[in-house]
Amino acid sequence: MPVARAKPAAPTDDKRWRIVETRMRRLGNRPDALIEALHSAQEAFGYIDDDALRYVGASLSVPPSKVFGVATFYHYFTLKPQGEHTCVVCTGTACYINGAADLLGAIDSSFRVKPRETTSDGKLSLLTARCLGVCSLAPAVIIDGEVEGRANPTEIVGRLERL
Amino acid sequence: MTEPIPKAPERRPRRRPDVAEPEGPPRATAYVCEAVSCLSAQAHDVLVGLGERAIEAGMTDVAVKRVGCLGLCASGPLVQVRETGELFSHVTPDDLDGVVKALSSVSAGPERAPEAPFFARQVRVATENSGRVDPESLEDYVANGGYDALRQVLTTMTPAEVREEITKSGLRGRGGAGYPTGLKWNTVAKAEGSPKYVICNADEGDPGAFMDRSVLESDPHRVLEGMAIAAYAVGASSGYVYCRAEYPLAVTRLRKAIREAARGGYLGAAVAETEFSFEVDVRLGAGAFVCGEETALIASIHGGRGTPTPRPPYPAVSGLWNNPTLINNVETFANVTPILRNGGDWFSAIGTPTSAGTKVFALAGRVVNTGLIEVPMGTTLREIVYDIGGGIVDGREFKAVQTGGPSGGCIPAEFLDMQVDYESLIGVGSFMGSGGMIVMDDTSCMVDVAKYFMDFCREESCGKCVPCRVGTTQLHMLLDSITRGEATMDELAQMERLAGMVQRTSLCGLGQGAPNPIFSTLRYFRHEYESHIVDRVCPAGVCKITPSAVPA
């Protein structure tokens with residue numbers, strides 16, 4: 001039998017929590033809204049911190065262990081803040097055949113950053129994607145949301161340096 | 001009054017900012033591709049620029065129209081003149097003179113397809129609206145016969161008749177396994193339990209595959225119409241599209257299509273003024289490959305970790321919320337509407353006796369014309385790679401074509417004349433998969449390719465069953481030592497044994513399919529493995545085998 005609970009308060013008075021709250025409410029605050037809620041939290045804040053995990057869990061009546069389990073199971077969710085700029089290198093098959101590894105190598109040797117890491121000055125986060133679905137433009141890189149097709153290492157390092 | 005009041009800048013006639021639309025029927029129409037590939041190459045600026053140029057040139061009878069994927073993604077942004085079929089590639093916003101000139105001299109007429117072999121060899125069924133219909137406009141979809149099939153089904157056919165037509169068509173699941181669609185629909189229809197659900201699997205995880213993305217971006221209403229017909233046929237009243245979060249444009253267009261279709265009376269309560277009702281919602285994936293497996297997908301819609309469960313029970317009997325659930329792939333749903341419109345016999349006449357219809361392939365890798373193609377089942381690999389694909393980049397030598405993603409295999413040159421259908425691909429140790437087709441030339445090392453896919457499976461293994469979780473890691477380590485020139489022939493034999501064990505004992509398709517790239521490369525390219533081990537040389541020059549690695 002459902003027990004009436006006090007509605008959990010948002011961790012801060014940041015307006016972005018309203019987006020997360022609305023999304024959860026639209027889905028009836030049911031436990032199966034967990035992934036959708038995590039998506040909207042990440043979209044609003046860029047990453048999902050402990051406060052967000054607790055808030056979402058409490059709102060949907062999902063225990064923290066399960067919230068953490070789900071948030072870490074899916075690659076798309078990130079629990080760490082991203083750098084000022086992000087660079088996503090696609091490592092799908094077509095990009096692999098066309099030299100995605102060379103791109104990662106060149107970025108590492110210029111910026112000392114490996115996939116899923118952020119440079120020590122917090123400027124650049126390097127990510128990889130399983131496949132962005134722009135295989136025709138392989139190898140593909142997304143810099144701050146913009147797709148760069150047929151990327152070559154020199155050009156990409158140059159673009160990242162100018163950021 | 002000393003200064004004149006500054007005059008407001010002259011207003012352009014109000015048009016939709018992104019699409020030029022003449023008042024009457026247009027004399028000429030320019031189709032501008034706005035799928036992800038072309039959009040990332042400034043296609044939207046081309047669209048806007050072309051609309052402005054048309055207005056400047058006083059061509060009020062020319063329409064500039066946003067359309068979905070035109071197919072030849074390698075040469076984007078693409079613009080096609082509807083009346084002549086003339087295709088402009090690599091169009092830039094600064095260089096529109098050619099297109100404007102072509103538009104100015106066109107006279108009105110029926111639509112013509114481009115003449116290049118890339119287009120002429122294709123047969124469009126699932127993607128017939130791609131590159132013709134505005135994916136963000138319900139009116140345009142309806143104007144092109146959209147939702148007619150749904151209306152006809154709801155008013156003139158019983159659910160059993162719809163299932164009968166699908167069974168007669170011979171349609172098989174386009175997600176990879178090729179399970180007969182009619183059989184699946186019948187199982188769900190006969191299963192006990194209510195409410196029933198329809199799920200569209202748009203979690204296109206295979207690296208190198210982008211068919212579903214393209215269909216959703218180019219023609220989202222087609223998928224919704226197919227789902228609604230399926231729901232009617234199996235007795236469901238709600239459904240989900242489970243789509244990858246990595247496809248933001250597809251998600252946006254899909255959500256918009258759902259909103260507009262509901263407003264237009266094609267979804268929601270009382271569809272097309274009948275008693276049938278059908279609600280659809282989108283659920284986002286979150287980057288887990290295993291969620292393409294149907295039981296894992298259901299676990300994910302339930303809001304949990306995407307781990308598969310043993311089958312049976314199959315989702316058709318006990319799926320979402322333990323109720324009967326029909327799960328079909330995007331492309332399968334896209335085929336439903338034309339089947340109901342033209343009849344099951346029409347569809348089964350296309351393709352081969354066991355694999356009816358067409359298949360959409362994402363052609364990528366070391367081939368000239370990369371992009372999206374749809375060909376009848378039974379087309380040979382040579383036609384796909386050379387006639388449609390335009391051959392290998394830089395005139396290099398064809399080595400293999402990889403199909404089926406991480407569960408598939410590599411098909412060598414000796415099978416280029418093989419007809420592509422479900423059975424023949426399995427016969428050569430590969431797999432239809434969702435339709436990714438990656439062409440490799442002599443710059444690819446097949447051991448490294450096997451390692452690449454094993455790395456993928458190792459990372460994507462959900463960890464639930466031991467053979468997959470541990471086996472894929474061990475297999476990857478063995479492959480890694482081969483590519484570093486440190487393995488022995490004994491280890492190669494050990495790898496083969498382990499691969500067989502993982503294949504036989506894993507819980508779901510991910511683990512069962514994971515060893516396939518090893519088996520298929522060993523079957524056709526064993527000499528490459530042996531060169532790495534015995535001669536310590538990578539024939540393709542990909543693997544860095546250093547002299548210092550030689551054991552003393």
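A residue counts as buried if 20 or more other C-beta atoms lie within 10 Å of its own, as exposed if 12 or fewer do, and as partly exposed in between, with C-beta atoms placed from the backbone. By that rule B:Tyr147 is buried, with 23 other C-beta atoms within 10 Å.

This is a predicted model, where local features need pLDDT of at least 70, side-chain atom pairs count only at pLDDT 80 or more, and totals for chains, interfaces and linings use all residues. Residues are numbered from 1 along each chain as its sequence is written, while chains are lettered from A and ligands numbered from 1 in the order in which they are written.

## Where the chains meet

Chain A brings 31 residues to the contact and chain B brings 39 residues; two residues are in contact if their C-beta atoms, placed from the backbone, lie within 7 Å. On the chain A side, helix H2 (34-45), helix H4 (64-73) and helix H5 (93-97) each supply at least two residues. Helices (H or I, at least four residues) and strands (E, at least two) are DSSP runs, numbered from the N terminus.

That side of chain A, where it touches chain B, has 20 nonpolar, eight polar and three charged residues. Here Ala, Val, Leu, Ile, Met, Phe, Trp, Tyr, Cys and Pro count as nonpolar, Asp, Glu, Lys and Arg as charged, and the others, Gly among them, as polar.

## The domains of chain B

Chain B is assigned domain 1 (28-115), domain 2 (138-348), domain 3 (358-441) and domain 4 (446-549), with bounds that come from an automatic or database domain assignment.

Take domain 1 and domain 3 of chain B: their C-alpha centres lie 30 Å apart. Five residues of domain 1 of chain B are in contact with five residues of domain 3 of chain B. The domain 1 side of that contact has four nonpolar, one polar and no charged residues.

Most residues other than glycine have a negative phi, and most peptide bonds are trans. Now for some exceptions. The bond from B:Gly76 to B:Pro77 is cis, with omega near -5 degrees, and B:Pro77 sits in the loop between strand E2 (62-67) and strand E3 (79-81) of chain B. Another cis bond joins B:Pro312 and B:Pro313, with omega about 5 degrees.

B:Tyr147 has a positive phi of about 65 degrees, and its place is in the loop between helix H5 (138-143) and helix H6 (148-156) of chain B. For B:Trp321, phi is near 50 degrees. B:Trp321 counts as partly exposed because it has 13 C-beta neighbours inside 10 Å.
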